[in-house]
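Me: I've got a model open and want to talk through what holds it together. Can you take my questions as they come?

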Amino acid sequence: MEKEDDTHKQLVVTGAWRIQLEQEYVHKLSEVKCLEVTQPKYGPGLAAIAACAFPHGHTHGTFIVIKKIKPESLLFVVNAVKLKTSRCAAEGQAIFTGEEMAKMFIFILVTALVVDTEVWALDNCFQEVARLRAQVHLLETQIKQQQIKIEQLLQENEVQLLDRGGENSVFDIGAKRQYADCSEIFNDGYKQSGFYKIKPFQSPAEFSVYCDMSDGGGWTVIQRRSDGTVNFNRAWEDYEKGFGNFVQKNGEYWLGNKNLHFLTIQGDYTLKIDLGDFEKNSRYAQYKDFKVGDEKSSYELHIGEYSGTAGDSLAGRFHPEVQWWASHQRMKFSTWDRDNDNYDGNCAQEDRAGWWFNRCHSANLNGLYHRGPYTAETDNGVVWYTWHGWWYSLKSVVMKIRPNNFIPNIV
Ligand SMILES: [Ca+2]
């Protein structure tokens, strides 16, 4: 036989009800006392759930449903039911007789006059509920704001990625071996252009560089101009270490004079300079035996035999009379804060670039990004004199190197 034990039942605080209660239940109700409201809980559609104790020996458990309507009065809504077992009650079930089933939805309205101390505890509970609800509302608002922000950021990120046209191309091919330049990477079977890590023999650390695996493959890109987004008017230290965008496919950068030195002392390198103008034309200039000296020599430039379609601006051989001041052969590197040129003034400062200035130049590929024909106090644009003269600033430049003896992959 199941043991009858009506002890702790649930008191559910919910919506308002106004229903009559039969006399016999009024009597029974008076015997039921809500001893204390403990551990208010909150759930969907409920203001609060609290435990309510019934006098020992009562076989009629009572669910009391309450909602505070006005501060000065309480509306008690009582559903009187007979609970046969505590076990069932604990599980939230109730077993009813036929008669009780008929009466189970009978309710009573009680005024605040009968409110006792336990009810005041409930009153506090309501205040707590209101406070917590306000808090929940505030937090929900904050979460919504955060979600909007996250969505905005994701959208911006997506737009940026679209802008780049999926041009991010950084490759991590693991640390199986160290590559001295891009030609070694190419010869090891990596035929996709993008950023790779290389470490020339004497370089203290590896660094990231764009490898152009087209055009025969194996090219280590040492400089790129493409859209004017990177400032090339920089100090000695920046040019020494390198700067710019080492992430995007067309990112502008200067690989760094130190790195150029470490790369080019490894062997005989060919320098190829790809040039593009704003009329969609392209030319190139190529020099054998490209070398950059060490720090002591102020990263002096050495170039060998020229070939190409853009003219020999670097060695200034286009006109014998200008060669003495226009050639960049054997010139030291200069920046606005390190004047190593052959000019009384400061070429790097006037022409707004770091370069192997003479007096001052017939090529200034690190010049200001003017976009085509320009006027300025000095010829400070991205200049390759033998193609477009001093007063046309080129659209694109790629300076890239690979060993003279590299066997191009010509398909
Ligand atoms: Ca000077």
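Me: What is the handedness of the disulfide of Cys-347 and Cys-360?
Reply: This is a predicted model. The torsion about the S-S bond of Cys-347 and Cys-360 is about -85°, so the disulfide is left-handed. The S to S distance is 2.0 Å.

Me: Where do Cys-347 and Cys-360 lie?
Reply: Cys-347 is in helix H9, residues 347-351. Cys-360 is in the loop between H9 and strand S15 (363-364). The pair therefore ties together parts that are 13 residues apart in sequence.

Me: Are Cys-347 and Cys-360 buried or exposed?
Reply: Both Cys-347 and Cys-360 are buried.

Me: How many disulfides does the structure hold?
Reply: Two. Besides the link of Cys-347 and Cys-360, a disulfide joins Cys-182 to Cys-211, with S to S at 2.0 Å. The link of Cys-182 and Cys-211 is left-handed, with -70° about the S-S bond. This pair links distant parts of the chain, 29 residues apart. Cys-182 sits in helix H5 (residues 182-187), and Cys-211 in strand S7 (residues 207-212). Cys-182 and Cys-211 are buried.

Me: And Cys-125, buried or exposed?
Reply: Cys-125 is buried, because its relative accessible area is 8% and the cut-off for buried is under 20%.

Me: On to charges. How many salt bridges does the structure hold?
Reply: There are 16 salt bridges. One of them pairs Arg-177 with Asp-188, at 3.8 Å from N to O. This pair links distant parts of the chain, eleven residues apart. Arg-177 is in the loop between helix H4 (117-164) and H5. Asp-188 is in the loop between H5 and strand S6 (194-198).

Me: How accessible are Arg-177 and Asp-188?
Reply: Arg-177 has a relative accessible area of 39%, so it counts as partly exposed. Asp-188 is at 37% relative accessibility, so it is partly exposed.

Me: What does Lys-258 form a salt bridge with?
Reply: Glu-295. The closest N and O atoms are 3.6 Å apart. Lys-258 lies in helix H7, and Glu-295 in the loop between strand S12 (282-292) and strand S13 (301-302). The pair therefore ties together parts that are 37 residues apart in sequence. Lys-258 is partly exposed at 33% relative accessibility. Glu-295 is partly exposed at 47%.

Me: What about Asp-274 and Lys-272?
Reply: Their side chains meet in a salt bridge, 3.3 Å from N to O. Asp-274 is partly exposed, with a relative accessible area of 21%. Lys-272 is buried at 9%. Salt bridges that share partners join Asp-212, Asp-215, Lys-272, Asp-274 and Lys-400 into one network.

Me: Last topic, the nonpolar side. Which residues touch the most other members of the largest nonpolar core?
Reply: Trp-254, Ile-273, Trp-356, Leu-365, Trp-384 and Met-399. The largest nonpolar core has 60 residues.

Me: What is Leu-365 in contact with, leaving aside its neighbours within four places in sequence?
Reply: The contacts of Leu-365 include Ile-273, Leu-275, Trp-355, Trp-384 and Met-399. Gln-223 and Arg-225 are also among them.

Me: How many residues are in the second, separate core?
Reply: Six. Among them are Val-322, Trp-325, Ala-326 and Trp-390.

Note on methods:
Residues are numbered from 1 along each chain as its sequence is written. This is a predicted model: local features need pLDDT of at least 70, side-chain atom pairs count only at pLDDT 80 or more; totals for chains, interfaces and linings use all residues. Side-chain values use heavy atoms; hydrogens and water are left out. A disulfide is a pair of cysteine sulfur atoms within 2.5 Å. Helices (H or I, at least four residues) and strands (E, at least two) are DSSP runs, numbered from the N terminus. Buried means under 20% relative accessible area, exposed over 50%, partly exposed in between (1.4 Å probe, protein chains only). A salt bridge is a side-chain nitrogen of Lys or Arg within 4 Å of a carboxyl oxygen of Asp or Glu. A nonpolar core is a set of buried Ala, Val, Leu, Ile, Met, Phe, Trp, Tyr and Cys residues joined through side-chain atoms within 4.5 Å. Contact means heavy atoms within 4.5 Å.
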